[in-house]
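My notes follow in the order I looked things up.

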Amino acid sequence: MTINAEHQAANTPAPTDLADLRGGVLQVGPLMPMVQNAIVADHNAVRVPDGSDRQAFLSDHGSKFTIAVTSGKIGVDSALMAGLPNLRAVVNFGVGYDTTDVAQAQARGILISNTPDVLNDCVADTALALLLDVFRRTSEADRFVRRGAWKAGNFPLASKLSGKRVGIVGLGRIGTAIAQRLEGFNCVISYHNRKPVVGVDYRYVGSLTELAAGSDALIVAAAGGADSVKLISAEVLAALGPQGYLVNIARGTVIDETALVAALVSGALGGAGLDVFADEPNVPESLLELDNVVLLPHLASGTVETRQAMAELTLANLDQFLTDGTLCTPVAR
């Protein structure tokens with residue numbers, strides 16, 4: 001028996017849903033239809049209520065669930081995890097899992113999976129699209145034509161990307177894919193990580209401020225989480241300077257957003273391409289009127305091909321865990 005559509009729309013389970021859990025699968029937050037339909041049809045998944053109904057639901061039924069299926073945007077936070085005493089795995093749709101209480105999961109032996117690699121290309125492509133846009137002022141030029149301003153004179157000159165110095169913050173899978181694309185533009189690539197990456201020829205810089213000072217553009221591809229909150233500080237932005245550009249396809253929390261807005265409004269930073277924000281979907285009002293800022297609605301992996309691959313990997317992780325208690329792509333502890 002599957003979730004009743006009326007109850008699903010209201011974010012509450014139908015009474016009969018809890019009679020046949022077939023693995024105790026809990027859906028946390030909205031999911032891509034392919035994933036949601038599969039976990040309901042195959043495992044009779046129940047969606048945890050949001051808001052004031054959640055605590056009562058967990059008190060009555062929390063012990064029945066062993067697996068939570070969620071997304072990188074929603075995750076399984078501390079309170080929800082505490083209300084699931086028999087939870088054994090969090091299956092995550094997305095590469096980021098900073099919205100899940102990893103520390104509690106580790107302490108309780110709860111496994112976590114994500115969907116790495118399958119989205120590298122599309123996220124890297126988006127980073128390059130943003131970088132080209134802010135350098136060449138493509139979106140600004142589009143608006144210039146649409147409002148009829150071309151009839152009054154030519155569009156101002158933009159900046160060349162080829163050959164520029166680009167710093168990458170986080171040379172992981174996605175950061176490496178970005179660097180490989182930048183090679184085609186003959187860019188001079190440097191990077192910052194917690195430690196140098198073995199086997200790469202790009203220049204490692206141990207200080208973020210030093211990396212910013214020596215770059216024409218900074219691309220943020222670092223993982224989210226408590227360790228990276230406001231990693232890109234006011235000091236780093238000041239080092240990047242009024243001729244520098246910032247691109248963020250990581251997490252909004254990685255940047256001190258207040259400092260970023262102030263730098264962009266004052267002209268202390270040349271421009272920015274942003275796919276993520278600190279309080280999504282809320283974007284700082286001050287950015288909306290700035291022509292030197294390109295704003296995207298967190299869509300870096302948003303292609304049909306990539307989301308299909310992410311969905312398939314999410315379901316493969318769920319099926320494998322139900323079969324043998326392991327995950328295809330576990331998050332390293």
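How many of the 5 residues of β6 are buried? I found that 4 of them are, so β6 is largely enclosed by the rest of the structure. Buried means under 20% relative accessible area, exposed over 50%, and partly exposed in between (1.4 Å probe, protein chains only). Strands (E, at least two residues) and helices (H or I, at least four) are DSSP runs, numbered from the N terminus.

**Ground rules.** I am working with a predicted model, in which local features need pLDDT of at least 70, side-chain atom pairs count only at pLDDT 80 or more, and totals for chains, interfaces and linings use all residues. Residues are numbered from 1 along each chain as its sequence is written, and side-chain values use heavy atoms, with hydrogens and water left out.

**Confidence.** I checked pLDDT, the predictor's confidence in each residue from 0 to 100. The chain averages 93, and 93% of the residues score at least 70. Residues 1–16 fall below 50, yet this stretch has 34 contacts in the model beyond near neighbours in sequence. Contact means heavy atoms within 4.5 Å.

**Around β6.** I looked up its partners next. β6 and β7 pair in the parallel sense over 5 bridges; two strands pair if DSSP finds at least two bridges between them. R165 has V188 in β7 as its bridge partner. From β6 the chain crosses through α8 to β7, and this β-α-β crossover is right-handed. That label applies if, with the strands pointing away from the viewer, the path from the first strand over the helix to the second runs clockwise. β6 also runs parallel to β9, joined by 4 bridges. There V169 stands opposite V220.

**The whole sheet.** I traced 7 strands in an open sheet, in the order β8-β7-β6-β9-β10-β11-β12, with parallel pairing. β8 (203–204) and β12 (293–295) are at the edges with a single partner strand each, so one side of each has no neighbour in the sheet. β9 (residues 217–220) and β10 (residues 245–248) share 4 bridges. L218 is the bridge partner of L246 in β10.

Which strand holds S71? I placed S71 in β3 (residues 67–71). S71 is buried, with a relative accessible area of 10%. Among the residues S71 touches are V28, P30 and T99. Its bridge partner in β4 is F93, and 5 bridges join the parallel strands β3 and β4.

I then went along β4 (residues 89–93), where 5 of its 5 residues are buried. A89, V91 and F93 lie on one side, V90 and N92 on the other. In a regular strand the side chains alternate between the two faces of the sheet. β4 pairs with β5 (residues 111–113) over 3 bridges, again parallel. A89 stands opposite L111. β4, helix α5 (residues 102–108) and β5 make a right-handed β-α-β unit.

**Cores.** A nonpolar core is a set of buried Ala, Val, Leu, Ile, Met, Phe, Trp, Tyr and Cys residues joined through side-chain atoms within 4.5 Å. The largest has 48 residues, and I39, V69, L131, I178 and L182 touch the most other members. Helix α6 (residues 120–136) gives the most to this core, with 8 residues. I also found a second, separate core of 28 residues, including V169, A212, A259 and F277.

Technical notes. Lists of a residue's contacts leave out its neighbours within four places in sequence.
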